[in-house]
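Here is a short briefing on one protein model. Look over the sequence and the structure, then read on by topic.

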Amino acid sequence: MQFTPCHLGVFAAASGQTGGPGAATRPRGARRAVVVGGRRVKTIDVHAHCVIPEAEQLLGITTRETRFGRGIDEVSAQRLREMDEQGIDVEALSINPTWYRAERELAERVVSIQNERLVEYCATDPDRFVAFASVALQFPDLAAQQLEHGVKELGLRGAAVGATVADDEFADPKFHPFWAKAEELGVLIFLHPQGTPDVAWRLRGNGWLANTIGNPLDTTIALSHLIFEGTLDRFPGLKLCSAHGGGYLPSYAARSDYALRVHPEMDTGVALKKQPSEYLRQLYYDTLVFTSEALRHLAAEVGVSQLMLGTDHPYPWQTASVDHILQAEGFTDDDRIAMLGTTAGRLLGIAS
């Protein structure tokens, strides 16, 4: 197993970044203990990446670490040092999908390898790692089987998915069997964007816009379709967590409420059970937004109960994600404890 940054899944494991000064030599036993209101909190990171080189090679993808031959022990040691430095007790590992255009047999093989390796890796340090299953969503019936097998037989805690499947939106009825299975199992589905290649020509130039803008935009579009096409009404018990604070949607949610008032002819006939913005409070989000005010606003829009610590590890978008929650104004101790770990622990079946 290798650990990878969060951009389109082709780069290597640990990027050489550490969690702070001295992290590279920090002994594993010197883990930062996070305390809130005198209580030791088990912190759980729902947004942490890895890749399985064996599976990537089947897809014709060569990761940097595959080329350089870095060993699993070295990568694992570095990741644990960084987790200890930041104060992360448990990471929920996920793999960004790169197999959604693969034929059925290849996709089935890739997913099988990835899920087996995830289980093997987590078993080496079960107090520090759990994982989301990979699923071949281009074949929804197969994905539902893989999810059930991953959860019931392998002990995986849910599934990680992209924001679209090839050229299809998740709101397409053909994905209903997968959503139904996820709702039946009561497990968390972690949604991570894959950029917006349809507008790639507008994202050229400076600023790494394909990721900086493209990733949160991809999530925003995916969630909007799930709302407006009635998917969340059909599966009200679905537990869905979006990366990067849900993209742009929570920051401008009220516009969705007014859209059909301004242009009622755009209504496709789906009778929603509530205002579009109200659905945000039945979804979950990581806390990977970048200021205290952004975190406060996200909580105001969706509810503190829907927020969980997310680092995007090992990519260093925010190397002080715990402090981001501890230092933001306007939250009670109970709020902070929930965001840091208890909500994720409940959804992922991790004892406090």
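**Second largest pocket**

Helix α10 gives the lining of the second largest pocket its largest share, six residues. This is a predicted model: local features need pLDDT of at least 70, side-chain atom pairs count only at pLDDT 80 or more, and totals for chains, interfaces and linings use all residues. Residues are numbered from 1 along each chain as its sequence is written, and side-chain values use heavy atoms, with hydrogens and water left out.

- The volume of the second largest pocket is about 550 Å³.
- Of the 20 lining residues, Ser-224, Phe-228, Ser-256, Ala-259 and Leu-260 are the closest to the pocket's centre.
- At least two lining residues come from each of α8 (214-228) and α10 (254-262).
- By class, the lining holds 11 nonpolar, six polar and three charged residues.
- Nonpolar covers Ala, Val, Leu, Ile, Met, Phe, Trp, Tyr, Cys and Pro; charged covers Asp, Glu, Lys and Arg; the others, Gly among them, count as polar.
- A pocket is an open set of points on a 1 Å grid over the protein atoms alone, where a 1.4 Å probe fits, with protein on both sides within 12 Å along at least five of seven lines; lining residues have an atom within 4 Å of a point.
- A volume is the space filled by probe spheres set on the points, which are joined across faces, edges and corners.

**The open sheet**

- Three strands make up an open sheet, ordered β3-β4-β5, with parallel pairing.
- β3 (44-49) and β5 (129-131) are the edge strands, each with a single partner, so one side of each has no neighbour in the sheet.
- Neighbouring strands are turned by 30° against each other on average, direction ignored.
- Helices (H or I, at least four residues) and strands (E, at least two) are DSSP runs, numbered from the N terminus; two strands pair if DSSP finds at least two bridges between them.
- Four bridges link β3 and β4 in the parallel sense. Asp-45 has Glu-91 as its bridge partner in β4, and His-49 faces Ser-94 in β4.
- β4 (residues 90-94) runs parallel to β5, joined by three bridges. Ala-92 lies opposite Val-130 in β5.

**Helices on the sheet**

- Helix α4 (residues 104-124) packs on the sheet and touches β4 and β5 (contact: heavy atoms within 4.5 Å); its direction makes about 165° with that of β5.
- Helix α13 (residues 333-348) also packs on the sheet, touching β3 and β4, and its direction makes about 75° with that of β3.
- Axes are lines fitted to C-alpha atoms, for helices over the stretch in contact; angles run from 0 to 180 degrees between N-to-C directions.

**Burial**

- Six of the six residues of β3 are buried, so β3 is largely enclosed by the rest of the structure. Buried means under 20% relative accessible area, exposed over 50%, and partly exposed in between (1.4 Å probe, protein chains only).
- In β4, five of the five residues are buried. Val-90, Ala-92 and Ser-94 point one way from β4, and Glu-91 and Leu-93 the other way.
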